[in-house]
Amino acid sequence: MQLGMIGLGKMGGNMAARLREKGHEVVGYDVASDERDADSLTDLLARLDAPRTVWVMVPSGDPTAATVRQLGELLSEGDLVVEGGNSHYVDDRTRAEELGAEGIGYLDVGVSGGVWGRRNGYGIMVGGAAEHVERVRPVFEALTPDEGGFVHAGAVGAGHFVKMVHNGIEYGMMQSLAEGYELMAASGIVEDIPGTFDSWREGTVVRSWLLDLLGRALEEDPNLSGLRGYAADSGEGRWTVQAAVDHAVPTPAITAALYARFASRQDDSPAMKVVAALRNQFGGHAVTKSDPDPRKASRD
């Protein structure tokens, strides 16, 4: 099918490339990319056949809000907006109502897979009406691995809600690996920490893609000496903890992992170096020793 892609960064650019490799026509636009096909949002929409489907893959917050607002002014009845960033699920309902008043459809889509998604496929979590999901299903099937990776989670907001929970779980898993690393490093007993993690990748109950990525990070830098013990929280962890409070659901592991990221802004912790290494492996979020200290920047 034909799709407009707004945002050609680490995620959007790789997604557009995977879709083209699968035979879909993608018209891309990004204000800061030389890889764009269109010179403006208006030009992008003019290149698409009606009814148009436009996927928004720009940073969450104000950039996403501004883009969706512009699309509401430029699109026509029967067109469809797919919002694939890490937006807060409560914003989706408002956007869907505003676009719906103009006859424009809306899907919220959580996307997982990081910089490896182009090769391995993405996890796709969708919220919205069934007819809109079916319309975009060929794109979802092209983006996901052959073995699965797709869910129509529910009505508008459900896609970003389950992606939020997914990322909260991810916080807890990463923190557990990080704490295990620090404990082994402090023990004075374990002489081969990288080899230990590598051995766990086969046959153990903790084997996972995150463990694979940690093995890769330790192979590249066994002592993680090139990284700062700093890990940002991009919002989903906070939102997960807040949702848990709102629904009176105890989430101690996720909450503790979020607080550990706050602590990383005060101390160059070995555990947080592992979290930083994992974030760099799957998402390209590197904070290296050569970078300005983000803790100092936040204080300034």
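Axes are lines fitted to C-alpha atoms, for helices over the stretch in contact, and angles run from 0 to 180 degrees between N-to-C directions; helices (H or I, at least four residues) and strands (E, at least two) are DSSP runs numbered from the N terminus. All views show a predicted model, in which local features need pLDDT of at least 70 and side-chain atom pairs count only at pLDDT 80 or more, whereas totals for chains, interfaces and linings use all residues. Residues are numbered from 1 along each chain as its sequence is written, and side-chain values use heavy atoms, with hydrogens and water left out.

**View 1. Crossing of helices α1 and α6.** The axes of α1 (residues 10-21) and α6 (residues 130-143) come within 9 Å and cross at roughly 100 degrees. The two helices are therefore roughly perpendicular to each other, a term that covers angles of 65 to 115 degrees. Met15, Arg18 and Leu19 of α1 meet Val139, Ala142 and Leu143 of α6, where contact means heavy atoms within 4.5 Å. These residues divide into five nonpolar, no polar and one charged, with Ala, Val, Leu, Ile, Met, Phe, Trp, Tyr, Cys and Pro counted as nonpolar, Asp, Glu, Lys and Arg as charged, and the others, Gly among them, as polar.

**View 2. Packing of helices α9 and α12.** Helix α9 (residues 209-220) packs against helix α12 (residues 270-283) at an angle of about 105 degrees, with the axes 9 Å apart. On the α9 side the contact includes Trp209, Leu213 and Arg216, and on the α12 side it includes Val274, Leu278 and Phe282. By class, this contact has nine nonpolar, one polar and two charged residues.

**View 3. The open sheet.** Seven strands are arranged in the order β2-β1-β3-β4-β5-β6-β7 with mixed pairing, two strands being paired if DSSP finds at least two bridges between them. Because β2 (25-29) and β7 (150-154) each have a single partner strand, one side of each is left without a neighbour in the sheet. Strand β6 (residues 123-127) runs parallel to β7 and is joined to it by four bridges, and Gly127 stands opposite Gly154 in β7.

**View 4. Helices lying across the strands.** Helix α4 (residues 89-100) lies across β4 (80-83) and β5 (105-112), running at about 150 degrees to β5. Helix α7 (residues 158-187) lies across β4, β5, β6 and β7, and runs at about 15 degrees to β5.

Definitions and conventions: Angles under 35 degrees count as roughly parallel, over 145 as roughly antiparallel, 65 to 115 as roughly perpendicular and the rest as oblique.
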